[in-house]
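Please view the sequence and the structure first, and then read the points below.

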Amino acid sequence: MDVFSAISQRSSVRAYKPIDVEEDKLMKILEAARLSPSASNRQDWKFIVVRIKETKKKLAKAAFGQSFIGEAPVVIVACGTEPKATMACGQPAYTVDVSIACSFMILQAYELGLGTCWIGAFKEDETKKILSIPEHVRVVAMIPMGYPDQPPSQKSRKSLDQIVCFEKYE
Ligand SMILES: Cc1cc2nc3c(=O)[nH]c(=O)nc-3n(C[C@H](O)[C@H](O)[C@H](O)COP(=O)(O)O)c2cc1C
């Protein structure tokens with residue numbers, strides 16, 4: 001599968017077949033995160049793989065009851081370990097770095113036939129307690145993952161001319 005096919009065909013998956021994710025597939029997805037670029041190549045991130053049912057149920061509760069998280073065979077919780085580091089542009093590096101790694105994982109998962117859904121709606125404090133995440137570490141995203149048990153959804157996107165301009169902001 002070429003990159004553009006993955007980008008254009010992927011959609012969020014919120015229902016998963018009760019089938020385990022193979023270890024080699026999971027490791028390839030994590031490898032995609034490891035190989036992702038980061039500001040100054042800092043790689044200040046940690047990806048927690050959660051497969052214990054009880055823990056996933058607790059994460060679903062921390063995510064405002066998004067119960068499909070508890071039904072996914074695997075949930076990856078993506079963290080920034082040095083949240084004080086900022087880039088020269090003023091943006092915190094960790095949100096950008098961890099988001100790139102999550103995007104790469106999501107696309108790699110898609111190529112392997114796995115569905116994912118980026119989860120940004122969760123109570124961070126509760127999530128940190130569940131997973132024993134240290135105080136200074138920030139949780140950027142949860143990614144439930146598994147074989148899709150739903151048809152792909154239609155993409156709804158703004159047109160290019162709504163979001164792109166040339167040479168100056170218009
Ligand atoms: C930063 C971010 C946070 C998101 N948070 C959630 C979430 O908490 N729950 C959920 O069901 N979907 C969540 N989504 C998925 C979006 O709703 C979805 O990507 C968007 O509607 C586009 O649909 P598509 O992924 O199927 O193309 C999130 C996506 C992003 C990028």
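In this predicted model, helix H2, made of residues 23-34, lies across strands S1, S2 and S4. The helix runs at about 165° to S1, and strand S4 spans residues 138-146. The points below describe the sheet and then the surroundings of the ligand.

**The sheet**

- The sheet is open and is formed by four strands, arranged in the order S1-S2-S4-S3.
- Pairing between the strands is antiparallel.
- Strand S1 (45-50) and strand S3 (115-116) are the edge strands, each of them pairing on one side only.
- S1 and strand S2, which covers residues 74-80, run antiparallel and are joined by six bridges.
- Ile48 has Val77 in S2 as its bridge partner.

**The ligand and its surroundings**

- The ligand is surrounded by 14 residues, and the closest are Ser12, Arg14, Gln66, Trp118 and Arg157.
- Classified by type, this shell contains five nonpolar, five polar and four charged residues.

**Polar contacts and cover**

- In Ser12, a side-chain N or O atom is 2.6 Å from an oxygen atom of the ligand.
- In Arg157, a side-chain N or O atom is 2.7 Å from an oxygen atom of the ligand.
- For Gln66, a polar side-chain atom lies 2.7 Å from a nitrogen atom of the ligand.
- On its own the ligand has 620 Å² of accessible area, of which the protein covers 60%.

Technical notes. Residues are numbered from 1 along each chain as its sequence is written. This is a predicted model: local features need pLDDT of at least 70, side-chain atom pairs count only at pLDDT 80 or more; totals for chains, interfaces and linings use all residues. Side-chain values use heavy atoms; hydrogens and water are left out. A residue is near a molecule or strand if one of its heavy atoms lies within 4 Å of it. A polar contact is a pair of N or O atoms within 3.5 Å; within protein, one must be able to donate a hydrogen and the other to accept it, and residues adjacent in sequence count only if both atoms are side-chain atoms. Accessible areas come from the Shrake-Rupley method with a 1.4 Å probe; for residues, only the protein chains shown count as cover. Ala, Val, Leu, Ile, Met, Phe, Trp, Tyr, Cys and Pro count as nonpolar, Asp, Glu, Lys and Arg as charged, and the others, Gly among them, as polar. Two strands pair if DSSP finds at least two bridges between them. Helices (H or I, at least four residues) and strands (E, at least two) are DSSP runs, numbered from the N terminus. Contact means heavy atoms within 4.5 Å. Axes are lines fitted to C-alpha atoms, for helices over the stretch in contact, and angles run from 0 to 180 degrees between N-to-C directions.
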